[in-house]
Amino acid sequence: MTTTGITVQQTARPHGFPAPGHFAFVEAPVPGPAPGTALVENLYWSVDPYHREAMDSDELWTLGSPMEGRTIGRVLASRDPGLAEGDLVLHRSGWRTHALVTAGRDGTRRLRTYEGVPLTAHLSLLGGTGLTAYVALTRTLRLQPGEDLYVSAAAGGVGTAAGRIARLLGAGRLVGSAGSPAKVKHLTEHVGYDAAFDHHDGPVGELLARAAPGGIDAYVDNVGGDHLAGAIDALREHGRIAWVGAVAQYNSTEPPAAPRNLFRIVEKSLRLEGVMVSNHRDAQEEFEDFLVPHLRTGRVAPDETVVVGFERIVEAFLGMLRGENTGKMLVAAHS
């Protein structure tokens with residue numbers, strides 16, 4: 001067993017887009033498990049947009065301390081009665097090669113593995129990313145069969161999951177925005193979107209109006225800014241917005257101006273509600289029961305970009321912020 005572990009620590013707060021110099025790889029002896037804990041060797045790591053927000057927060061990420069994130073690992077040794085050697089575990093002590101975890105604490109749980117479902121799906125379509133899309137669609141938007149849906153950043157982790165799940169829920173016209181022609185093609189040819197556009201091709205409101213000339217009933221917002229403004233104009237009366245993220249402002253040094261058409265929320269009797277997946281952990285089993293049969297038959301598949309090698313985790317994170325991924329960005333210890 002390896003005796004030296006590596007953690008990634010944040011060394012400074014970024015001003016604007018982060019750089020490799022804001023991180024440090026720190027070696028330390030691998031600890032043995034204390035009573036009530038298990039030692040896990042990590043196999044897969046998730047890098048997420050919310051990590052960029054955490055980089056600005058003293059409450060979320062303390063400088064000089066190991067960073068966190070959703071991770072899959074295998075138990076090497078255990079003094080926790082809830083975990084046995086060899087168990088596969090989902091936990092949040094990521095951005096490190098080894099971690100001490102306790103079953104039931106901070107979301108740590110033994111994975112329910114499914115034959116025919118790749119392990120990485122537990123960090124993408126079956127993980128927090130997919131669960132976010134599922135609760136946004138079913139609990140926040142309460143999407144009904146035949147309703148028309150728009151999703152921004154549709155080629156990202158939540159966006160691809162939202163598209164695939166919306167199709168299973170019987171959505172009507174499904175429209176997405178993305179950041180390149182290749183991503184637009186992936187959305188329409190592989191994910192199930194009826195129409196998609198590259199947001200670099202013009203004003204988002206105009207592009208959305210062309211893609212959804214009859215308007216939309218609901219919107220999953222992963223971007224904010226001009227995408228939110230365009231969706232407000234396109235929404236029909238009593239439309240709904242599930243606001244998941246605001247990638248447009250994560251690296252901005254100044255907060256963006258609010259959309260100028262916010263009062264249309266009142267005029268159209270729209271509903272806008274934020275989505276925090278941490279408020280919906282009770283939906284995980286329901287979500288897996290819904291989605292796993294479709295994964296097994298191949299009706300849906302995880303959309304993933306996998307970077308191999310823990311030493312490339314910062315590279316993967318920065319690439320995700322630049323939009324270099326299609327689907328969920330993951331890091332694997334080995335190919």
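Tutor: Keep in mind that this is a predicted model.

Student: Which residues of α4 are buried?

Tutor: Buried means under 20% relative accessible area. In α4, residues 181-191, that holds for Lys183, Val184, His186, Leu187 and Val191. They lie on the same side of α4, because they cover an arc of only 160° around the axis.

Student: What sits on the face turned away from the buried side?

Tutor: Exposed residues: Pro181, Ala182 and Glu189.

Student: And what covers the buried residues of α4?

Tutor: The cover includes α3 (157-168), β9 (174-178) and β10 (195-198).

Student: Now strands. How do I read those?

Tutor: In a regular strand the side chains alternate between the two faces of the sheet. Now take β1, residues 4-10. Five of its seven residues are buried, so β1 is mostly covered.

Student: In which sense do β1 and β2 pair?

Tutor: Antiparallel, over seven bridges, with β2 spanning residues 23-29.

Student: What volume does the second largest pocket have?

Tutor: About 240 Å³. Its lining includes Arg70, His91, Asp106, Gly128 and Arg281. Two elements, β5 (88-91) and α2 (128-140), each give two or more residues to that lining.

Student: How many of the lining residues are nonpolar, polar and charged?

Tutor: Two are nonpolar, five polar and five charged.

Notes. Residues are numbered from 1 along each chain as its sequence is written. This is a predicted model: local features need pLDDT of at least 70, side-chain atom pairs count only at pLDDT 80 or more; totals for chains, interfaces and linings use all residues. Side-chain values use heavy atoms; hydrogens and water are left out. Buried means under 20% relative accessible area, exposed over 50%, partly exposed in between (1.4 Å probe, protein chains only). Helices (H or I, at least four residues) and strands (E, at least two) are DSSP runs, numbered from the N terminus. Two strands pair if DSSP finds at least two bridges between them. The arc is that of the directions from the helix axis to the C-beta atoms. Contact means heavy atoms within 4.5 Å. On a 1 Å grid over the protein atoms alone, a cavity is a set of points where a 1.4 Å probe fits but cannot get out, and a pocket is an open set with protein on both sides within 12 Å along at least five of seven lines; lining residues have an atom within 4 Å of a point. Grid points are joined across faces, edges and corners, and a volume is the space filled by probe spheres set on the points. Ala, Val, Leu, Ile, Met, Phe, Trp, Tyr, Cys and Pro count as nonpolar, Asp, Glu, Lys and Arg as charged, and the others, Gly among them, as polar.
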